[in-house]
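User: Can you walk me through this model? I'll ask as we go.

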Amino acid sequence: MPIISFGSTSYANPTVKTILDELRPGATYTVGQPVSGDTDDVVSISASQFSEMSLDNWNDPNGLAAPTADEMKSEYDRQVTIYNSFEYERNRSSAYPSIQDQLDMMYHDQVNGTTIWKDFIEKVKSDNPKPE
């Protein structure tokens, strides 16, 4: 499952697989049309596709039926909301230099009496503010 972690926060990158894993943990299946192939890919799926999607070879260890299209759409919407609320963290993460480069900045700041590292980190944070 594609899980993204920041500190103590972990959340799924919404996919067909994460939806089904959340709704029916331990179930095995294959996904048919119109969404076939790798269910770990990020899938932007419409409500109509959920109702048209087939879950083949369904086997739930708890004997539960496959989730309905409405259940899947609701879980997808929930996961997308969570995923979107952490966009600032993903943007910050990709904007930060490597730890090695940050340590080098800190070293040179200490030696030269500069604030390059602090200024850089402040810019990343101000360019990608945490939502309130």
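User: Which residue follows helix 5, and what is its phi?
Analyst: Keep in mind that this is a predicted model. Helix 5 is followed by G113, with a positive phi near 70 degrees.

User: How many residues does helix 5 have, and how far does it reach?
Analyst: Helix 5 covers residues 99–112, which is 14 residues. From its first C-alpha to its last it reaches 20 Å, close to the 20 Å expected at 1.5 Å a residue.

User: Which residues of helix 5 are buried?
Analyst: Q102, M105 and D109. They sit on the same side of helix 5, because they cover an arc of only 55 degrees around the axis.

User: And which exposed residues are on the face turned away from that buried side?
Analyst: That face of helix 5 carries Q100, L103, Y107, Q110 and V111, which are exposed.

User: What do the buried residues of helix 5 pack against?
Analyst: They pack against helix 6, residues 116–127.

User: At what angle do helix 5 and helix 6 pack, and how far apart are the axes?
Analyst: The angle is about 135 degrees and the axes are 7 Å apart. Helix 5 and helix 6 are therefore oblique to each other.

User: Which residues make that contact?
Analyst: Helix 5 contributes Q102, M105, M106 and D109, and helix 6 contributes I116, W117, K118, F120 and I121. By type, the contact of helix 5 with helix 6 has 6 nonpolar residues, 1 polar and 2 charged.

User: Changing topic. How do helix 1 and helix 3 cross?
Analyst: Helix 1 is residues 16–23 and helix 3 is residues 69–85; their axes come within 9 Å and cross at roughly 110 degrees. Helix 1 and helix 3 are therefore roughly perpendicular to each other.

User: Which residues are in contact there?
Analyst: On helix 1 they are T18, I19, L20, E22 and L23. On helix 3 they are E71, M72, E75, Y76, R78 and Q79. The contact of helix 1 with helix 3 divides into 5 nonpolar, 2 polar and 4 charged residues.

User: Zooming out, how many helices and strands are in the chain?
Analyst: The protein chain has 6 helices and 4 strands. Starting at the N terminus, the order is β-β-α-β-α-β-α-α-α-α.

User: What share of the residues is buried?
Analyst: 32% of the 132 residues in the protein chain count as buried.

User: And what share of the contacts comes from residues 24 or more positions apart?
Analyst: They account for 57% of the contacts in the protein chain with a separation of 6 or more.

Methods:
Residues are numbered from 1 along each chain as its sequence is written. This is a predicted model: local features need pLDDT of at least 70, side-chain atom pairs count only at pLDDT 80 or more; totals for chains, interfaces and linings use all residues. Side-chain values use heavy atoms; hydrogens and water are left out. Axes are lines fitted to C-alpha atoms, for helices over the stretch in contact, and angles run from 0 to 180 degrees between N-to-C directions. Helices (H or I, at least four residues) and strands (E, at least two) are DSSP runs, numbered from the N terminus. Angles under 35 degrees count as roughly parallel, over 145 as roughly antiparallel, 65 to 115 as roughly perpendicular and the rest as oblique. Contact means heavy atoms within 4.5 Å. Ala, Val, Leu, Ile, Met, Phe, Trp, Tyr, Cys and Pro count as nonpolar, Asp, Glu, Lys and Arg as charged, and the others, Gly among them, as polar. The expected span of a helix is 1.5 Å times one less than its number of residues. Buried means under 20% relative accessible area, exposed over 50%, partly exposed in between (1.4 Å probe, protein chains only). The arc is that of the directions from the helix axis to the C-beta atoms.
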